[in-house]
Amino acid sequence: MDEMIDKLILLFFGGLLLFHVKGESSPVVVLLLAVTFAALGIYIEEKKWMLLLFFAAFLVVLLQPAFLLFFPLLLYDIVCCKIYAAAVPFLGLFLADMPSVPEKTVFWAATAALSVILSKRTQKRRFLGEELIRIRDSGTELNLMLVEKNKHLLEKQDYEIYLATLRERNRIAREIHDNVGHMISRLILMTGALLTIEKEGTVHNQLLQMKDTLDLAMNSIRASVHDLHNDSIDLKRNIKEIADSICMDFDVNLDYDVSEAVPRRVKYCLVAITKEAVSNILKHSNGNHVQIFLREHPSFYQLLIEDNGTNARVEPSKGIGLQNMQERVSALGGILQIHTEHGFTVFLTIPKTEDILCE
């Protein structure tokens with residue numbers, strides 16, 4: 001917009017010169033040519049085409065000498081493009097013609113100086129505008145990076161808290177099992193010994209009630225310990241450890257996209273099948289690349305394990321480990337497919353049924 005306003009100003013001053021100089025037979029044609037070259041100067045961006053434009057303007061000056069009065073308009077584009085050598089032919093023609101029309105010299109020179117000033121000012125504004133846009137874009141990009149980094153930090157923090165919670169559950173389960181569980185077991189044995197001595201009477205009945213209470217407490221503790229231990233299983237860490245166990249022999253690509261809230265039975269199934277599949281690959285595969293994809297979809301869990309070996313000859317119906325895999329998946333209502341045409345491939349889906357999710 002600034003460039004257009006600048007050129008309109010220069011066109012106005014060039015027009016004043018044109019219509020106040022006597023002897024010009026076609027001022028309208030010259031003015032139209034000036035408008036055309038001004039518009040082309042705004043439209044064209046590449047330097048090679050600008051050079052061609054200046055050359056065409058020079059030819060027009062040779063055919064229409066009055067067009068030289070609009071040289072400040074061309075000078076504006078010359079300064080913008082920094083092709084200063086293009087001004088030399090026009091200046092040469094003007095100096096050669098200057099004695100014949102002395103009254104236009106000062107006004108023409110002033111207009112040329114104004115052209116340079118306007119061009120430099122517009123270039124500076126354009127540079128400052130581009131710099132402002134660059135700074136704004138950099139600031140926006142930096143803010144997005146900070147938001148993303150904060151998001152990753154929060155996710156990492158949440159995951160660390162989650163791991164710490166799992167470790168604490170493991171510790172509590174171990175403490176209950178090793179201390180309280182052993183003490184109650186000893187009390188049960190002592191009660192049993194007393195029952196062999198006191199075989200009847202009031203004391204015998206009380207000992208029986210005590211033994212029943214201790215058995216109930218022991219069963220409750222065992223259930224609590226098992227629940228704590230099961231909840232403390234970190235599926236992501238277990239899968240990663242299995243993948244890391246074969247990194248020395250295979251190039252492993254692990255793609256894990258599962259939320260933390262995975263039912264206990266599904267965790268056990270996925271870990272067990274991953275172990276069995278990786279174990280078969282480690283023992284039998286002649287490939288060098290293994291892919292493990294574990295993803296959670298809105299209605300099911302999906303696990304894919306495959307290698308690039310060429311010697312897979314496993315028959316799913318005969319291998320005990322493969323049969324166990326099939327039984328585990330079937331118990332959860334899932335589907336297991338094992339292929340050996342292009343390496344060893346295990347693909348399974350486990351639906352998110354209410355029975356599994358409500359455990």
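Student: Which residues of helix α4 are buried?
Tutor: This is a predicted model, in which local features need pLDDT of at least 70 and side-chain atom pairs count only at pLDDT 80 or more, while totals for chains, interfaces and linings use all residues. Residues are numbered from 1 along each chain as its sequence is written, and side-chain values use heavy atoms, with hydrogens and water left out. Helices (H or I, at least four residues) and strands (E, at least two) are DSSP runs numbered from the N terminus, and buried means under 20% relative accessible area, exposed over 50% and partly exposed in between, with a 1.4 Å probe and protein chains only. In α4 the buried residues are Phe-71, Pro-72, Leu-73, Leu-74, Leu-75, Tyr-76, Asp-77, Ile-78, Val-79, Cys-80 and Cys-81.

Student: Is Asp-77 buried or exposed, and at what relative accessible area?
Tutor: Asp-77 sits in α4, which runs over residues 71-81, and eleven of the eleven residues of this helix are buried. Asp-77 therefore counts as buried because its relative accessible area is 3%.

Student: Which residues does Asp-77 touch, apart from those up to four places away in sequence?
Tutor: Contact here means heavy atoms within 4.5 Å. Separately, in terms of C-alpha positions, Asp-77 and Ser-115 are 9.1 Å apart in space although 38 residues apart in sequence. The residues that Asp-77 touches are Glu-3, Lys-7, Phe-37, Gly-41, Met-50 and Phe-54.

Student: How much space lies in the largest pocket?
Tutor: On a 1 Å grid over the protein atoms alone, a pocket is an open set of points with protein on both sides within 12 Å along at least five of seven lines, a cavity is a set where a 1.4 Å probe fits but cannot get out, and lining residues have an atom within 4 Å of a point. Grid points are joined across faces, edges and corners, and a volume is the space filled by probe spheres set on the points. For the largest pocket the space comes to about 360 Å³.

Student: Of the residues that line the largest pocket, which are the closest to its centre?
Tutor: α2 (27-43), α4 and α6 (105-197) each supply at least two residues of the lining, with the largest share, four residues, coming from α6. Of the 14 lining residues, the closest to the centre are Glu-3, Glu-45, Cys-80, Cys-81 and Arg-126.

Student: Within what arc do the buried residues of α2 fall?
Tutor: The buried residues of α2 are Pro-27, Val-30, Ala-34, Phe-37, Ala-38 and Gly-41, whereas Val-28, Leu-32 and Tyr-43 on the other side are exposed. Taking the directions from the helix axis to the C-beta atoms, the buried residues line one face of α2, so that seen down the axis they fall within an arc of 105°.

Student: At what relative accessibility does Thr-345 count as buried?
Tutor: Thr-345 is found in strand β5, residues 345-351. Leaving aside neighbours within four places in sequence, Thr-345 is in contact with Leu-304, Ile-305, Glu-306, Gln-337, Ile-338 and His-339. Thr-345 counts as buried because its relative accessibility is 12%.
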